[in-house]
Structures are given as C-alpha cells and as structure tokens.
Amino acid sequence: MADQAEPSEHVAGLPELLHDACLTGRRLTRAELEARRVRGERAAEAGAPVRGPVRQHLRVVQEVLATLPPAAAGSLLAVLEQAVDAFVEGYERAQHQAVRQEEAARREFIDDLLYGRSDLGRLAERAERFGLRLSQAHAVAVAMGPEPYGDGYPVARGIESAVLARFAGRQILLATKHGRLICVAPGDQPDVLAFFAKHAYGATDGGRVAIGRSHPGAGGVVHSYEEALNALDLAERMGLEGPVLHAADLLVYPVLTRDRQAMADLVESVLGPLHKGRGGARLFIDTLTAYFDSGCVATEAARRLSLSVRALSYRLERIHTLTGADPADPVNRYTLQTAVIGARLLGWPDTAA
C-alpha cells in the first residue's frame, strides 16, 4: 500500500510534464524519461506493487486532460505512454538488480558453506536467511549428469520446484556448484534426499547421485558435501554400479587408501608379476575385477567379459601361476581382491612408474 501512503511520490512532477509536452506538441526528453525511470526504481525499492503507481498515472491523465485545450489533448496519450513505459522500465530495472544481488548473496553463501569459509557465527546467521539452521545436523546430496548444470537451467529449476513443492516448509537448500546439483537437508530427514536423488536421476537422463552422511554444525555440511563428492569420484574410478551412492556404504575404500604407500606396495608386490603375462597386467586386472564383482561365479564373470568359461578359467590359472595366489582359494582371494581394489583406486597399472 505504498502508493496510498505517499500518493504523490510516484507521479511527482508528472502533471506539469504532461501539460507542457502536450501544449508544445513535443516528446519527452531523454532526461525527463530517465527521471521517470528513477521514480520507477524507487517504487520497486519501496516494495510498491506496480499496478498502484500505474493507476496513479491514469488519474493524473484525467486531471491534465481537463486543463488542456482540445487541440493539445490529442497528444496526451502518446506522451503518457512514454512516461509509463519509462516508469515501468525503471521498476523492472530495480527488480532485476535486486534479483542479481540476491543471487550473488546466495552464491557467496553457498561457496562459504560448502568450503567452510567465513566465521561460523556469521555463517549461521546468513544460513537462516536461506532456510537452514546450522545448529542441526545436515546431510548433502550431489547429483551429476552428462552435462554441467547451472542455477538457471531448466533441469535445476524443475528439480527445485519438485522438491520444494513436495516438502513445503522444510529447511532445504538447493543449489548448483561446478555443474552439479546440490541438496542440503536436515540429517534426520532422509526422505528429502531420497526424493531429490530420484528426481535428479530422472531429470539428468540417467545421471548419478551421491549422498553424504549426516554431520552436525556448519562443518558438518562441508564434511557431508566432501563425502558425496568423493563417492562420485570413487564410483567413476571403481566402476561402481547403481544410480544412487551412499557414502556410508563406501567407507571401506578410504580406509584401504588411508596409507597410500602401503597400498601401493601391496599392489606392486601382489599384482606386479601380471606384467609378464600375455596382454599385460590390465587384462588380468579386468578379469579379476569381473570375477570378484560377480561373486566369484565363473559363468557370470565369463558373461561379463564376453568369454567362454574355459577361456576365463585359463586366465585365472595364469594369474595363479604368475602371482602364486589362487583366486579360487578363500585365503588367497582376500589378498588378491584387496590388491585389485587398491589397483583400481590408485589407477594402477596406468599410473605405475
């Protein structure tokens, strides 16, 4: 109701302007139009709905029309159109500027939140503005697809609309970062992240989603976000299947690589002899990967490798001969499988010196 509180603010000087322009038959000058744009900006900044000031412009026309001679009244509507267009242009300009400032503030907050920057107390205050209470525990889901996504992309807007419509009133933050879609939700509301994962998978045409574990405080958001990113990277390196990955299910992998040198020594010691086999170590690593991933079922492993069972058996025998470890033996199998996992995590033998 800003137009009622200050009835002359938005049309100040307009009656005189219209009257003079109509009497002289001229168009509004560049300076006069800019002055009307400034009025529009002020109306937007004051929060006045645009229809109120526009109605005021129409009332001014009625007043001015009564003071004009018939010969001059014909140009009134044309001059009014100029004035209203300039006012609305200024109004929209201010709105666009406000949106850009809000987007910049939101982007800065997301960067600070996900990278653990800024004072925690200040960060918590800013978080409430964007719907989060950092005193609670939160979990983060990260989705990636075949192409990068930004805040204005239809995919990002569609997922955000679906999530917010389904969980209206929940404390949820949706954003994009480095082309990925991100959802931050309270840690005790896994249904939110599951819903986000389902829609992100569908909207990204078969993309992949990783969900970090729930952690308390602002630092917990960073921790969960990093877990989700690491899960996506791990899935890529390990060839893990499934559209949704949970960091809690993958904790064994960072444990195995916590001492990278020890793991590298194990890989080289156990699998190094495979370099001597025909086809090189990569061929045998892929064979062991398929064998272990299929639950050590030879027929299934052979199918995955497009081999006959006899050909697979020959490769397994060669592995036994070269390494001294039998993939079919339960004792040897653990060492071989751990070494194979380590090789995939380290990118061996491609990264071998």
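**Entry 1: Ala 185**

I looked up Ala 185 and found it buried, with a relative accessible area of 0%. The model I am reading is a predicted one. Buried means under 20% relative accessible area, so Ala 185 at 0% qualifies. I placed Ala 185 in strand S3, which covers residues 180–186.

Next I listed what touches Ala 185, leaving aside neighbours within four places in sequence. The contacts are Ala 137, His 138, Ala 139, Gln 171, Val 192 and Leu 193. I also checked Ala 185 against Gly 217. They are 32 residues apart in sequence, and their C-alpha atoms are 12 Å apart in space.

**Entry 2: Thr 176**

Is Thr 176 buried or exposed? I found Thr 176 buried, with a relative accessible area of 5%. Thr 176 sits in strand S2, residues 173–177. I again left aside neighbours within four places in sequence. Thr 176 then contacts Arg 107, Tyr 149, Gly 150, Asp 151, Ala 156, Leu 181 and Ile 182.

**Entry 3: Helix H4**

I checked the length of H4, residues 51–65. Its 15 residues should span 21 Å at 1.5 Å a residue, and the end C-alpha atoms are 21 Å apart, so the two agree.

Which residues of H4 are buried? I noted Gly 52, Pro 53, Gln 56, His 57, Val 60, Val 61 and Val 64. An α-helix has 3.6 residues a turn, so residues three or four places apart point the same way. I kept that in mind while reading the list.

**Entry 4: H10 and H16**

I turned to helix H10 (residues 217–238) and helix H16 (residues 330–346). Their axes are 8 Å apart, and the packing angle is about 110 degrees. Angles of 65 to 115 degrees count as roughly perpendicular, so H10 is roughly perpendicular to H16. The crossing is right-handed.

From H10, Leu 234, Arg 237 and Met 238 meet Ile 341, Arg 344 and Leu 345 of H16. I sorted this contact by class: four nonpolar, no polar and two charged residues.

**Entry 5: H13 and H14**

Last, I looked at helix H13 (residues 280–293) and helix H14 (residues 298–305). Their axes come within 8 Å and cross at roughly 130 degrees. That angle makes H13 oblique to H14. This crossing is right-handed.

Which residues make the contact? H13 supplies Asp 286, Thr 287, Ala 290, Tyr 291 and Asp 293. H14 supplies Ala 298, Ala 301, Arg 304 and Leu 305. By class, I noted five nonpolar, one polar and three charged residues in the contact of H13 with H14.

Terms used
Residues are numbered from 1 along each chain as its sequence is written. This is a predicted model: local features need pLDDT of at least 70, side-chain atom pairs count only at pLDDT 80 or more; totals for chains, interfaces and linings use all residues. Side-chain values use heavy atoms; hydrogens and water are left out. Axes are lines fitted to C-alpha atoms, for helices over the stretch in contact, and angles run from 0 to 180 degrees between N-to-C directions. Helices (H or I, at least four residues) and strands (E, at least two) are DSSP runs, numbered from the N terminus. Angles under 35 degrees count as roughly parallel, over 145 as roughly antiparallel, 65 to 115 as roughly perpendicular and the rest as oblique. A crossing is left-handed if the near helix is turned anticlockwise from the far one by less than a right angle, and right-handed if clockwise. Contact means heavy atoms within 4.5 Å. Ala, Val, Leu, Ile, Met, Phe, Trp, Tyr, Cys and Pro count as nonpolar, Asp, Glu, Lys and Arg as charged, and the others, Gly among them, as polar. Buried means under 20% relative accessible area, exposed over 50%, partly exposed in between (1.4 Å probe, protein chains only). The expected span of a helix is 1.5 Å times one less than its number of residues.
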